[in-house]
Protein chains: 2
Amino acid sequence: MKIALLGAGNVATHLSKALIKKGHPVIQVWSNTRQNAVDLALAIGADSIASVLDLSLDAELVIIAVKDDAIEEVAKQIPATSKAIVVHTSGSTAMAVLRGRTHYGVLYPLQTFSKAVDVDFDDVPLFLEASDPNTEIKLSELASQLSARVQLADSAQRLILHVAAVFACNFTNHFYSIGEHLLKQQNLDFNLLRPLIAETAEKALKYAPSSVQTGPAVRLDVQTMNKHLEALTGHPDLQELYRSVSQNIVKNC
Amino acid sequence: MKIALLGAGNVATHLSKALIKKGHPVIQVWSNTRQNAVDLALAIGADSIASVLDLSLDAELVIIAVKDDAIEEVAKQIPATSKAIVVHTSGSTAMAVLRGRTHYGVLYPLQTFSKAVDVDFDDVPLFLEASDPNTEIKLSELASQLSARVQLADSAQRLILHVAAVFACNFTNHFYSIGEHLLKQQNLDFNLLRPLIAETAEKALKYAPSSVQTGPAVRLDVQTMNKHLEALTGHPDLQELYRSVSQNIVKNC
């Protein structure tokens, strides 16, 4: 499938590299930030285009990987003459924003992407939604070449997957940052926390997290929780977070 | 060093196995729950004792690994005739709770322990505190045999380390559980989240977490956050958590 890419951010970068690896030519790249399109196009051997209106009629698949709130607007600029299937890659955006097109769908990779960090797409769960059975078959074939974990998900399921990912990834990383910050204030190296971070994730890969919860909250160890809150004097926002999360653990244990 | 162990929980179990591996005989085990002492003593070839008063005068080191709020009380029951160094293993308990003894200290392993999961002690950061220079030397020698990451930390530093660990481990695991729970409600397999969990931890092992934060909050993507809050209708406690953590991310970005 000849592919055009609208967007040149983290998802666009990783997805385009995975597509090319599997033999799908990415022929054009557009980005709202011209230079990003030029850079990515150079990196993957595609043409960069200055406007969505310049989209080639050769493109069989157009992947929109831009900020969620720009998807609908970008989709509207795709020339009506294009016969391409149009997909977006967003967890939180309903497929319906593309309903102006004939054939459309969603290809949502459930992974965290940073430009500097390589990702093995084979392991990335890919969630599919399509406007019609033929499109579903085509997207399914493509997705199966990219990843061993392809699954259908409607827009409601995808939204919940995204929320779950925010808790398990974004919020989790923020709590690593809080640890980093607390240690720095005591002149302690963040390396000291790394074995614990690795072990905590390792456990979650083998066991149901709800079955291996540890710490003062699940032990209902009020004395220790109060010591921790006292240690956080001077960080009222962290005290509040500590209380909220601990209460939620207690409620669910 | 001949060692007696007061406590037979997760920390006591893993610590005693690591000590024995390095050639330090654990001669006695006591626990508030008699059966736990018997089980651990059998597993490691020690005697179980029914009362702390039965502590052998041969013990050169007594390790108290009981619930934080029981440490002081257990320490008081150690016979005055014992010449052993007495240490506890708690992150949140000041060394001062042991000040009734002549030589005492703290040996705090910064790791999460579950009975079923093996832990390689070589990688576990061990934090030391001692009542006097001689005790510090002895504990330092022992700790260095157990782990390649031994460091001095006073009671205030240890408390902050523990708080940081609660955020980076206990709270993080709870957020994995929330993911597990949300997916289950949509009949989705928790396996779908595992690559993301692994990747998020991997990143934190290589980069400063504060430098690789992703997600709607750090992008100030209010539209997506509102969609997520709407998706959590019916989970007011999760909505509240989502708001608290997101606000904290926004504040720090």
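Between chain A and chain B of this predicted model, 41 residue pairs are in polar contact, both residues at pLDDT 80 or more. A polar contact is a pair of N or O atoms within 3.5 Å; within protein, one must be able to donate a hydrogen and the other to accept it, and residues adjacent in sequence count only if both atoms are side-chain atoms. The count of salt bridges between chain A and chain B is 0, a salt bridge being a side-chain nitrogen of Lys or Arg within 4 Å of a carboxyl oxygen of Asp or Glu.

Because the model is predicted, local features need pLDDT of at least 70 and side-chain atom pairs count only at pLDDT 80 or more, while totals for chains, interfaces and linings use all residues. Residues are numbered from 1 along each chain as its sequence is written, chains are lettered from A and ligands numbered from 1 in the order in which they are written, and side-chain values use heavy atoms, with hydrogens and water left out.

The interface takes 89 residues from chain A and 89 residues from chain B, where contact means heavy atoms within 4.5 Å. About 8,600 Å² is buried between chain A and chain B, and carbon and sulfur atoms give 65% of that area. Buried area here is the accessible area (1.4 Å probe) that two parts lose on being put together, summed over both. On the side of chain A, Phe167(A), Leu192(A) and Leu196(A) lose the most area to chain B, together 8% of what that side buries. Helices α5, α6 (194–206), α7 (222–231) and α8 (236–252) of chain A each supply at least two residues of the side that touches chain B. The most comes from α5(A), with 25 residues.

The relation between the copies comes next. Chain A is superposed on chain B by a rotation of 180° with 0.0 Å of shift along its axis, at an RMSD of 0.0 Å; the superposition is by least squares on the C-alpha atoms of residues with pLDDT of at least 70 in both copies. The two copies are therefore related as by a two-fold rotation axis. The same surface serves both copies, since 100% of the contact residues of chain A recur in chain B. Of the residues of chain A, Thr172(A) comes closest to the rotation axis, its C-alpha lying at 2.6 Å.

Chain A has 8 helices and 8 strands. Helices (H or I, at least four residues) and strands (E, at least two) are DSSP runs, numbered from the N terminus. The C-alpha atoms of chain A fill a box of roughly 70 × 35 × 30 Å along the principal axes. Of the 253 residues in chain A, 58% are buried; buried means under 20% relative accessible area, exposed over 50%, and partly exposed in between (1.4 Å probe, protein chains only). Among the contacts in chain A with a separation of 6 or more, 54% join residues 24 or more positions apart.

In soluble globular proteins, nonpolar side chains tend to be buried together. Here the largest nonpolar core has 110 residues, and Phe167(A) and Phe167(B) touch the most other members. Such a core is a set of buried Ala, Val, Leu, Ile, Met, Phe, Trp, Tyr and Cys residues joined through side-chain atoms within 4.5 Å. Leaving aside neighbours within four places in sequence, the contacts of Phe167(B) include Phe175(A), Ile178(A), Leu182(A) and Leu232(A) from chain A, and Thr172(B) from chain B.

His14(B) is found in helix α1 (residues 10–21) of chain B and is buried, at 7% relative accessible area. Phe113(B) sits in the loop between β6 (104–109) and β7 (126–130) of chain B, and is buried at 6% relative accessibility. Beyond four places in sequence, His14(B) touches Phe113(B), Val117(B) and Phe121(B), among others. Phe113(B) also has contacts in chain A, including Lys203(A) and Thr214(A). Its C-alpha lies 6.3 Å from that of Val11(B), although Phe113(B) and Val11(B) are 102 residues apart in sequence.

The structure holds 6 salt bridges over all chains. One of them joins Arg158(A) and Glu129(A), at 2.5 Å from N to O. Arg158(A) lies in helix α5 (residues 155–185) and Glu129(A) in strand β7 of chain A, so the pair ties together parts 29 residues apart in sequence. Both Arg158(A) and Glu129(A) are buried. Asp122(A) forms another salt bridge with Lys22(A), the closest N and O atoms being 3.8 Å apart. Asp122(A) is partly exposed at 36% relative accessibility, and Lys22(A) is partly exposed at 37%.
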